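This report looks at how two chains meet.

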Amino acid sequence: MSASKRSTIIVEHLRRQQMWDLIAVGKRLQGRTIDEMRPLEVELNVIKKANGSAKVKLGDTEVVAGIKVETGEPFEGLENKGALIISAEVLPIASPHVEPGPPDEDTIELARVVDRGIRESEMIDLDKLVLVPGKVVYTIFVDCSIINTDGNLLDATSYAVVSALLSCKLPIFEIQDGKVVDTGKTRDPPLTTIPVSITQVRIGNAILLDPTAEEEACMDARITITTNSESSYAATQKGYTGSFTIDQIKKAAEIARIKGEQVRAKLQELTNKNG
Amino acid sequence: MSQTRSLIDKQGKRTDGRTVGQLREVKISVGVVKNADGSAYIEFGKNKIIVAVYGPREVHPKHMAQPDRCVLRCRYHMSPFSTDTRKNPAPSRREVEISKVMREALEPALMLEDYPRAAIDVYVEVLQADGGSRCAGISAASVALADAGINMRDLVAACAAGKVDDKIVLDINDTEDKEGGADMPVAYMPHLDEVTLLQLDGVLTRDQFNQCFDTAVEGCKMVYEIQKQALMQKYFGNETEVKEEIQ
């Protein structure tokens, strides 16, 4: 059951006031402007045992994504498509407010929204991941571990998944005598586009890009918009308990296109350099 | 989502005979659950959803109570028989997410600060699902909350729009959701002109995005009229003419 809850991070009144005063002139507590993202760092192939992996730092938010490729039965109703499973876990090491246990609704939302961006943009062409139609397909697990939280987990996790997929080497499986055999060879996965998720939050009348944990504790509403390489929209999720006006949403959608292009160029540059 | 067959015929009719800008038939009745403080039943096309509201009432467990405001709790649940293949009655990840977005869609309309230390529980039970159940659920829930006499700033009306055969259509049904190109559920407070829920899956260009969003908001306004009529019907009997003063 979904229940409204207390924010886990306490922001003192004085600091809150300081934040509002700065936002009124387009600035923020860490010296950024309201439409500026934190520095993005991407390190590829950090996990040698995975088929693809990436560690992404967005400011102090840190996420590791790892890909494991196996074979299995296709999903019901999607018999001629490979299976893609994206999960996320906020580890208890990530902040003093996290407790071990089954995922709470925020974590479920996180994994589902990240999954939606990758899946709906059709970043991976799942039609090309079938071994025996209706029986055996590639199953791609992308698991994300959040190891430090400082806001905007949605974007950081999404960038980690995208980077891991860009660095992924797909093992080549073959069917021999009715059995699945790993040939030991690898190939690039069939990627079609690079989805980029851009999260913005509303604090009062201001819209801020890439919020920190402190800013998220003060936000009224949140919106995450994912665009693909053609700058079309692929997924959207409004979050948190406040609302947006129609104008604010249309503006946020435009900003998501513009910033999305910049982040996409950056991700491409970072993954080419390390990959 | 890649589309395999045409879902709009040459006459511009959709799989269920509607035009692109047409809403499915929507019926709302108020006060259908006797024990509840407020309730509503909605038929949104083939969707059949019953919503009951309990509260404001004491919070259990007590540590959830908040000194300055009311706790809103929301549960979206699909009955095992509501779908083509039986749905496991245990809450799925999808239902957990929908419960969350539903609560966040309703909360901006409620004056929760009027009921400190209390809880309001909203139970949404999908008896039959036909695509767009979260929108139908939100629309019915806000009527049920009004029926419970909760102080509200506005009703929340919800409706989806989507892309089918590369055309933007209002209120997509189950078939269009599964085979069509994109689905965008929107919840909107018409009186305050604020959007409280916006989701999208599927690819839309910039123009399509704006058109789809505007279409969904128009749909919400249509649903809003039906919600008002339903409340008028319950509280003023047959004098169902919605007076302008209410605005």
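## The interface

Contact here means heavy atoms within 4.5 Å. By that rule, 47 residues of chain B and 41 residues of chain A take part in the contact. The model is predicted: local features need pLDDT of at least 70, side-chain atom pairs count only at pLDDT 80 or more, and totals for chains, interfaces and linings use all residues. Residues are numbered from 1 along each chain as its sequence is written, chains are lettered from A in the order in which they are written, and side-chain values use heavy atoms, with hydrogens and water left out.

Buried area is the accessible area (1.4 Å probe) that two parts lose on being put together, summed over both. Chains B and A bury about 3800 Å² between them, and 52% of it lies on carbon and sulfur atoms. B:Arg93, B:Lys100 and B:Arg206 supply 16% of the area that chain B buries against chain A, more than any other three residues.

## Polar links and make-up

The interface holds 8 salt bridges (a side-chain nitrogen of Lys or Arg within 4 Å of a carboxyl oxygen of Asp or Glu). One of them joins A:Glu105 to B:Arg103. Their closest N and O atoms are 2.8 Å apart.

On the side of chain B that touches chain A, the largest share comes from E9(B), with 11 residues. By class, this side of chain B has 21 nonpolar, 10 polar and 16 charged residues. Nonpolar covers Ala, Val, Leu, Ile, Met, Phe, Trp, Tyr, Cys and Pro; charged covers Asp, Glu, Lys and Arg; the others, Gly among them, are polar.

## Strand E9 of chain B

Strands (E, at least two residues) and helices (H or I, at least four) are DSSP runs, numbered from the N terminus.

Strands pair if DSSP finds at least two bridges between them. Within chain B, E8 (residues 182-189) runs antiparallel to E9(B), with 6 bridges. B:Met189 is the bridge partner of B:Glu194. From chain A, strand E13 (residues 233-239) joins E9(B) by 4 antiparallel bridges. There A:Gln237 stands opposite B:Gln199.

## A:Ser167

A:Ser167 sits in helix H3 (residues 153-167) of chain A. Its relative accessible area is 11%, so A:Ser167 is buried. Beyond neighbours within four places in sequence, its contacts are A:Leu44, A:Asn45, A:Asn51, A:Gly52 and A:Ser53. A polar atom of the A:Ser167 side chain lies 3.4 Å from the backbone oxygen of A:Ser53.

Methods
Buried means under 20% relative accessible area, exposed over 50%, partly exposed in between (1.4 Å probe, protein chains only). A polar contact is a pair of N or O atoms within 3.5 Å; within protein, one must be able to donate a hydrogen and the other to accept it, and residues adjacent in sequence count only if both atoms are side-chain atoms.
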